[in-house]
Amino acid sequence: METVVLVIILLVCFNFVLKQTYRKLWMVGAISLLCALFVAFAWPWAIEQSKSQIQDWLNNPQLMLDTAVVLFIEVVIQMAYCLMAVHLMNTGKVRRRTLFIYKLLRWFPGLLIFPVLFHIETQCMFWLTGMEFSTVAYGLAAIVFVAIPLFTWAIKWLIPEKELRLEIFFLSNALIAILGIIATVNGRTAVAGISEVNWAALACMAGLTLLCAIVGFILYRMKKMK
């Protein structure tokens, strides 16, 4: 479970930086400053967390379901941005409403990056014991402020094709959605298994399948004879 959550955190960070490659430099700087300020001022709440409390959160089914809803909403928005960008690339004349929706989706930075940054800050508080909490927070904020533009430039340099970056962004969000489902299930099953076979239900299912196959074959032959 912790491994799945760690992979989701890495993918969220990767998606966040990957989307910055489609923004202008001043927009990347503004978003980096916003994330840095969040880290710098969130340390009073970060120091109140404990490892046992975080583990309880991961084992709380209701909380994981609520988190999955937020994750699903963000994935849908980011995928909608990908589809809208592809639509604009392959369409000549674009309506103003379509262009306005595209700009809104492009401006959306992502909400999951903030709980991820909060989690990273909490872990830094655990690792760097003996240092002042404010020093750790301000140091991490400075790293975040520099790392976001740096990684944005690195990804843009490694993958200069916009279409390829867009495809990777779409697939990465799809992977987050799949891992979110796995993290939500967390070892639980919706239906308990049974050891006995219901022969009546099995016979009805087999008969229904055979009937549908016969009807489909007859319709296919009738359509082919016309």
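These are my notebook entries on a predicted model of one protein chain.

**Ground rules**

I number residues from 1 along each chain as its sequence is written. Because the model is predicted, I take local features only at pLDDT of at least 70 and side-chain atom pairs only at pLDDT 80 or more, while totals for chains, interfaces and linings use all residues, and side-chain values use heavy atoms, with hydrogens and water left out.

**Entry 1: the overall fold**

I started with the secondary structure and found ten helices and zero strands in the protein chain. Helices here are DSSP runs of H or I with at least four residues, strands are runs of E with at least two, and numbering goes from the N terminus. Along the sequence I read the pattern α-α-α-α-α-α-α-α-α-α.

Next I looked up burial, and 34% of the 226 residues are buried (under 20% relative accessible area; exposed is over 50%, partly exposed in between, with a 1.4 Å probe and protein chains only). The chain exposes about 15100 Å², with carbon and sulfur atoms supplying 73% of it. Accessible areas come from the Shrake-Rupley method with a 1.4 Å probe, and for residues only the protein chains shown count as cover.

I also checked the contacts (heavy atoms within 4.5 Å). Among those with a separation of 6 or more, 84% join residues 24 or more positions apart.

I picked V144, which lies in helix 8. V144 counts as buried, at 9% relative accessibility. Setting aside residues up to four places away in sequence, I see V144 touching C35, A36, V39, L117 and P149. I also noted L33: its C-alpha is 8.5 Å from that of V144, although the two are 111 residues apart in sequence.

S32 sits in helix 2, residues 25–41. Its relative accessible area is 0%, so I log S32 as buried. Beyond its neighbours within four places in sequence, S32 is in contact with F145, I148 and P149.

**Entry 2: F114 in helix 7**

F114 has its place in helix 7. Which residues does F114 contact, leaving aside neighbours within four places in sequence? I found L34, C35 and F38.

On a 1 Å grid over the protein atoms alone, a cavity is a set of points where a 1.4 Å probe fits but cannot get out; a pocket is an open set with protein on both sides within 12 Å along at least five of seven lines; lining residues have an atom within 4 Å of a point. Grid points are joined across faces, edges and corners, and a volume is the space filled by probe spheres set on the points.

The second largest pocket holds about 280 Å³ of space. I count 13 lining residues, with C13, L117, A147, I148 and F151 nearest the centre. Helix 1 (2–20), helix 7 (113–127) and helix 8 (133–158) each supply at least two of the lining residues. Helix 8 gives the largest share, six residues.

Ala, Val, Leu, Ile, Met, Phe, Trp, Tyr, Cys and Pro count as nonpolar, Asp, Glu, Lys and Arg as charged, and the others, Gly among them, as polar.

**Entry 3: a cysteine check**

C13 is partly exposed, at 22% relative accessibility. Searching the whole structure, I got zero disulfides (pairs of cysteine sulfur atoms within 2.5 Å).

I found one cavity of 30 Å³ or more. The largest cavity has a volume of about 80 Å³. Helix 1, helix 5 (61–89) and helix 9 each give two or more residues to its lining, and helix 1 gives the most, with three. The lining divides into seven nonpolar, four polar and one charged. Its residues include V12, E74, Q78 and N173.

N173 lies in helix 9, residues 162–185. Is N173 buried or exposed? At 3% relative accessibility, N173 is buried. Not counting residues up to four places away in sequence, N173 touches N15, V75, Q78 and M79.
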